[in-house]
Amino acid sequence: MTDNSPTPDPDESVATTNNPARRHPALIATAIALPVALLVGIVVAAVVVTRSPVTSPVGLGPVPAPDAESESCTALLEALPEDLGDYSRAELADPAPVGAAAWQSAEGGEVVLRCGLERPDEFDQASALQVVDDVQWFEVSGAEQGIDASTWFVVDRPVYLALTVPNGSGPTPLQDISAAVSTTLPQQAIDPAPVGGP
């Protein structure tokens, strides 16, 4: 019986067995680049998450603010900056009080502004004032209440406003708000309470 199957060419056999061992340079480059790109992507994502922490809305309780809906407060709120140094504008939790704004830092600190307040009880004719960009501020420290912050009141504009700033925040929040106040609200004479008065 005769075998009619074709005899394999020895050169063809060698070529077939050697092909799997040969890798195209583009395939090799891709095999190396993909894991490197994946590693870089993971590192970049971790850095972005670290720099952009998830912030939660700031909850503010109600305080007497009879002028919070005034034209002065509306104009000031529209002129407020998005950033105060290391603090970025934050959302207010519902129900958000009228005439208020807040900023948060990456470390979790908060700066809170309230506009249209009543004259602060502590503000009298003996009160020391600080002037920042032609805006007169009166400070009430939170130390007596065990609070690691101070509240600064603007006392020379048509409405009273308060800026509560964590201790150690530096001058930037006060300077940036002063700039917004001085360009938005006209200056007027201060009206402190009499010393020892109601």
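How much space lies in the largest pocket? About 480 Å³. A word on terms: on a 1 Å grid over the protein atoms alone, a pocket is an open set of points where a 1.4 Å probe fits, with protein on both sides within 12 Å along at least five of seven lines, and lining residues have an atom within 4 Å of a point. The volume is the space filled by probe spheres set on the points, which are joined across faces, edges and corners.

Before going on, the ground rules. This is a predicted model, so local features need pLDDT of at least 70 and side-chain atom pairs count only at pLDDT 80 or more, while totals for chains, interfaces and linings use all residues. Residues are numbered from 1 along each chain as its sequence is written, and side-chain values use heavy atoms, with hydrogens and water left out.

Now the overall layout. The protein has four helices and eight strands, in the order α-α-α-β-β-β-β-β-β-β-β-α from the N terminus. These are DSSP runs numbered from the N terminus: helices are H or I with at least four residues, strands are E with at least two. Of the 198 residues, 30% count as buried, meaning under 20% relative accessible area with a 1.4 Å probe, protein chains only.

Back to the pocket. Its lining has 22 residues, and L117, E122, T151, F153 and A162 lie nearest the centre. Strands β4, β6, β7 and β8 each supply at least two lining residues, and β4 gives the most, with four.

Let me stay with β7, residues 149-154. Six of its six residues are buried. A149, T151 and F153 point one way, while S150, W152 and V154 point the other.

What does β7 pair with? On one hand there is β6, residues 135-141, antiparallel over five bridges; pairing here requires that DSSP finds at least two bridges between the strands. S141 has S150 as its bridge partner in β7. On the other hand there is β8, residues 160-166, also antiparallel, joined to β7 by six bridges. V154 stands opposite L161 in β8, and a hairpin of five residues joins β7 to β8.

F123 brings me to the last item. Which rings form the one aromatic pair? They belong to F123 and F138, with centres 5.5 Å apart and planes at 45 degrees, so the pair is tilted. Rings of Phe, Tyr and Trp (its six-membered ring) pair if their centres lie within 6.5 Å; planes under 30 degrees apart count as stacked, over 60 as edge-to-face and the rest as tilted. F123 sits in the loop between β4 and β5, and F138 in strand β6, 15 residues apart. Both are buried: F123 has a relative accessible area of 1%, and F138 one of 7%.

Technical notes. Buried < 20%, exposed > 50% of the residue type's maximum accessible area, 1.4 Å probe, protein only.
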